[in-house]
Amino acid sequence: MDKRFWICGFTISATALALGFFVHGLLLRDDYLALAHLFRPQADANAQVGWILLAYVSLGLAMTWLYRWLPPPHRSKRWHGARFGLAIALVSFVPWHLLAHAGQPFPLTLSLKQIVFDVIAMLLLGLLLAWLQPHRRPLAPAPD
């Protein structure tokens, strides 16, 4: 876990937090307000912000760690990152939203919006990871 890992991991974490705010705080805000009785009161929700930050730091560091385990792409870095983001979405956000829909009285339309927006966010994070290249090794020092 070198300096590049930490920089990439926290960059992905911050970007994931921003995308999460955009999706769940702005795009889906009205859908959530219509179901406000199913969620924590605002004051209680505000007190939980530390857990949200921890979740996004965990997501960013874990995605970076997993991406570093992949062999470097032979062809397009872009599609390599997008496929990685899709895989992460398919093992995390997609099942989570389907399970939440099955266990909670969320409308199917909301669950589908959550899935679509979160898959797009994961594709973008995968593309960002491919661009950051967390498994790239630093250049060797110039010879004397």
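Which residues in α5 meet Phe-93, Val-94 and Pro-95 in α6? The answer is Ile-88, Ala-89, Leu-90 and Val-91, where meeting implies contact, that is, heavy atoms within 4.5 Å.

The structure is a predicted model, in which local features need pLDDT of at least 70 and side-chain atom pairs count only at pLDDT 80 or more, while totals for chains, interfaces and linings use all residues. Residues are numbered from 1 along each chain as its sequence is written, and side-chain values use heavy atoms, with hydrogens and water left out.

The chain contains 7 helices and 0 strands, and its pattern along the sequence reads α-α-α-α-α-α-α. Helices (H or I, at least four residues) and strands (E, at least two) are DSSP runs, numbered from the N terminus. The C-alpha trace spans about 70 × 30 × 20 Å along its principal axes. Of the 144 residues, 33% count as buried, a term for under 20% relative accessible area, with exposed meaning over 50% and partly exposed in between (1.4 Å probe, protein chains only). Among contacts with a separation of 6 or more, 82% join residues 24 or more positions apart.

Helix α5 covers residues 77-91 and helix α6 residues 93-103; they pack at an angle of about 25 degrees, with their axes 3 Å apart. Axes are lines fitted to C-alpha atoms, for helices over the stretch in contact, and angles run from 0 to 180 degrees between N-to-C directions. The angle therefore makes α5 roughly parallel to α6; the cut-offs are under 35 degrees for roughly parallel, over 145 for roughly antiparallel, 65 to 115 for roughly perpendicular, and oblique for the rest. The contact of α5 with α6 comprises 7 nonpolar residues, no polar and no charged. Nonpolar covers Ala, Val, Leu, Ile, Met, Phe, Trp, Tyr, Cys and Pro; charged covers Asp, Glu, Lys and Arg; the others, Gly among them, are polar.

A second pairing joins α1 to helix α7 (residues 108-132), at an angle of about 155 degrees and with axes 10 Å apart. This angle makes α1 roughly antiparallel to α7. By class, their contact has 13 nonpolar, 4 polar and 2 charged residues. The residues of α1 that take part include Arg-4, Cys-8 and Leu-27, and those of α7 include Gln-114, Phe-117 and Leu-132.

Phe-5 also lies in helix α1 (residues 3-27). Phe-5 is buried, with a relative accessible area of 3%. Leaving aside neighbours within four places in sequence, Phe-5 is in contact with Leu-61, Thr-64, Trp-65 and Arg-68. Phe-5 and Leu-61 are 56 residues apart along the chain, and their C-alpha atoms are separated by 8.1 Å.
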